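Here is a short report on one protein chain. Please look over the sequence and the model before reading on.

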Amino acid sequence: MSLLPKLVERLQRHPKRIVFPEGADPRILQAARQWVTRRMGAPVLLGDRTRIKEAAAALDVNVAGMRLIDPARSEDLDGFVRQFEERRQGKGLKPGEARAALADSNYFAAMMLANAQVDALVGGATVSASSALRPLFQIIPRLEHVRTASSLMILDWDEQKVGIDGSLFLADCSVIPEPSAEQLADVAVATAMIAHHLTNALPRVAMLSYASKGTAGHPALLKMRRATELARARAVAAALPMEVDGELQVDAALDPHVAETKKVAGTVAGQANVLIFPDLASANIGFKLVQVLAGANTFGQIITGLSRPAAEISRGASAHDVFGAAAVVGCQAIDRRLLWGGP
């Protein structure tokens with residue numbers, strides 16, 4: 001069974017509330033209807049209520065079971081404005097800017113998430129990545145042990161070819177253009193922990209480069225070697241269940257035969273399920289290339305390092321992509337002890 005049906009089953013046992021800032025978008029409405037129909041929880045759609053209902057009627061989508069909120073008319077608006085002003089003290093916020101920001105559904109959704117009025121957030125369907133990410137980074141605190149927020153993309157195949165039952169976790173595909181070795185170590189640990197939370201499998205993290213464990217001293221290789229050392233040390237210090245190795249070429253990371261031929265050994269070579277790219281360009285190009293040419297299902301971008309689950313989806317996402325991203329962040333909001341048992 002591929003990843004998505006497993007996530008759906010878990011959310012049917014532990015339903016969650018997902019807020020969608022772009023409530024009138026057809027893909028959001030279709031994904032929200034699936035959420036209700038499959039009894040996975042309650043979607044919260046933001047925007048002008050009349051416009052949302054008209055868009056739903058045009059699609060023949062029943063909005064029963066969904067909560068529709070117009071941020072500009074919400075009774076929570078004044079309180080959110082005060083909270084935002086407190087959070088942005090010392091950041092040059094001018095009078096009136098907080099209220100203007102909170103009239104934006106993306107900011108309002110982030111504030112709902114921060115106040116635990118919803119369990120997770122999925123935005124970005126109609127706005128640029130920066131417009132979807134900025135409210136999250138301004139409002140949602142990072143996890144205590146995380147210095148770098150980043151993102152991951154999940155590639156999922158119905159047939160079990162690679163990774164964890166056909167699922168690969170790729171990072172960072174959306175946030176940090178030129179990450180340092182220290183940032184890459186943060187990305188590796190955060191991505192591995194989400195992979196472990198969602199699948200209960202041991203994350204095998206490959207720190208990718210254009211060579212596999214060579215002796216060359218090019219700065220790009222040195223950065224990945226250093227990132228590998230740091231990620232491994234952080235995992236050991238925190239007793240995190242993960243294996244890390246690098247630098248590795250992507251074929252040696254994924255294909256056991258290639259790893260053996262290139263004499264690359266270890267606990268990750270040929271069996272990686274988490275891929276950490278050296279920079280944003282290679283990560284973004286890589287996942288989109290696989291998505292288009294190999295027909296993989298893609299769920300993301302899932303934001304990592306924040307204290308509450310959120311996803312920033314592409315403007316090119318389908319309703320299925322939206323539903324998948326919502327299922328991922330919804331399951332992130334489920335206590336691991338409820339998902340897998342144990343302490």
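The sections below cover the fold, the side-chain contacts, the surface and the backbone.

## Basis of the model

This is a predicted model, in which local features need pLDDT of at least 70, side-chain atom pairs count only at pLDDT 80 or more, and totals for chains, interfaces and linings use all residues. Residues are numbered from 1 along each chain as its sequence is written, and side-chain values use heavy atoms, with hydrogens and water left out.

## Overall fold

The chain has 14 helices and 11 strands. These are DSSP runs numbered from the N terminus: helices are H or I with at least four residues, strands are E with at least two. The radius of gyration is 20 Å, close to the 20 Å that the globule rule gives for 343 residues, so the chain is as compact as a globular protein of that length. That radius is taken over C-alpha atoms, and the rule is 2.2 Å times the number of residues to the power 0.38.

Along the principal axes, the C-alpha atoms fill a box of roughly 65 × 45 × 40 Å. Of the 343 residues, 55% are buried. Buried means under 20% relative accessible area, exposed means over 50%, and partly exposed lies in between (1.4 Å probe, protein chains only).

## Salt bridges

Side chains of opposite charge can pair when their charged atoms come close. The structure holds 13 salt bridges. The criterion is a side-chain nitrogen of Lys or Arg within 4 Å of a carboxyl oxygen of Asp or Glu. One of them joins Lys 6 and Asp 165, at 3.0 Å from N to O. Lys 6 lies in helix 1 (residues 3-13) and Asp 165 in the loop between strand 5 (150-156) and strand 6 (167-171), so the pair ties together parts that are 159 residues apart in sequence. Asp 165 is partly exposed, at 33% relative accessibility.

Another bridge pairs Asp 119 with Arg 17, with the closest N and O atoms 3.1 Å apart. Asp 119 sits in the loop between helix 6 and strand 4 (120-123), and Arg 17 in strand 1 (residues 16-20), so this pair links parts 102 residues apart in sequence. Asp 119 is buried at 18%, while Arg 17 is partly exposed at 32%. Arg 147 and Asp 186 also form a bridge, with the closest N and O atoms 3.9 Å apart. Arg 147 lies in the loop between helix 7 (129-139) and strand 5, and Asp 186 in helix 8 (residues 181-199), so the parts they tie together are 39 residues apart in sequence. Arg 147 is exposed at 55%. Asp 186 is buried at 8%. Shared partners join Arg 147, Asp 186 and Arg 234 into one salt-bridge network.

## Aromatic pairs and cysteines

There are 3 aromatic pairs. Rings of Phe, Tyr and Trp (its six-membered ring) pair if their centres lie within 6.5 Å; planes under 30 degrees apart count as stacked, over 60 as edge-to-face and the rest as tilted. The ring centres of Phe 84 and Tyr 107 are 5.6 Å apart and their planes are at 85 degrees, so the pair is edge-to-face. Phe 84 lies in helix 4 (residues 77-87) and Tyr 107 in helix 6 (residues 105-114), so the pair ties together parts 23 residues apart in sequence. Both Phe 84 and Tyr 107 are buried.

The structure holds 0 disulfides, defined as pairs of cysteine sulfur atoms within 2.5 Å. Cys 173 is buried, with a relative accessible area of 1%. Cys 331 is buried too, at 1%.

## Surface patch

Leu 289, Val 292 and Leu 293 form a nonpolar surface patch with about 350 Å² of accessible area together. Leu 289 belongs to helix 12 (residues 280-294).

Patch residues have over 30% relative accessible area and no salt bridge; like charges are joined within 9 Å, nonpolar side chains (Val, Leu, Ile, Met, Phe, Trp, Tyr) within 5 Å. Areas come from the Shrake-Rupley method with a 1.4 Å probe, and for residues only the protein chains shown count as cover.

## Backbone points to check

Most residues other than glycine have a negative phi, and most peptide bonds are trans. A cis peptide bond joins Ala 171 and Asp 172, with omega about -10 degrees. Asp 172 lies in the loop between strand 6 and helix 8. Another cis bond joins Gly 300 and Gln 301, with omega about -5 degrees. Gln 301 is in strand 10 (residues 297-304).

Asp 60 has a positive phi, near 60 degrees. Asp 60 is in the loop between helix 3 (49-59) and strand 3 (67-69), and is exposed at 72%. Ala 239 has a positive phi near 55 degrees. Ala 239 lies in the loop between helix 9 (219-237) and strand 8 (243-248), and is exposed at 66%.
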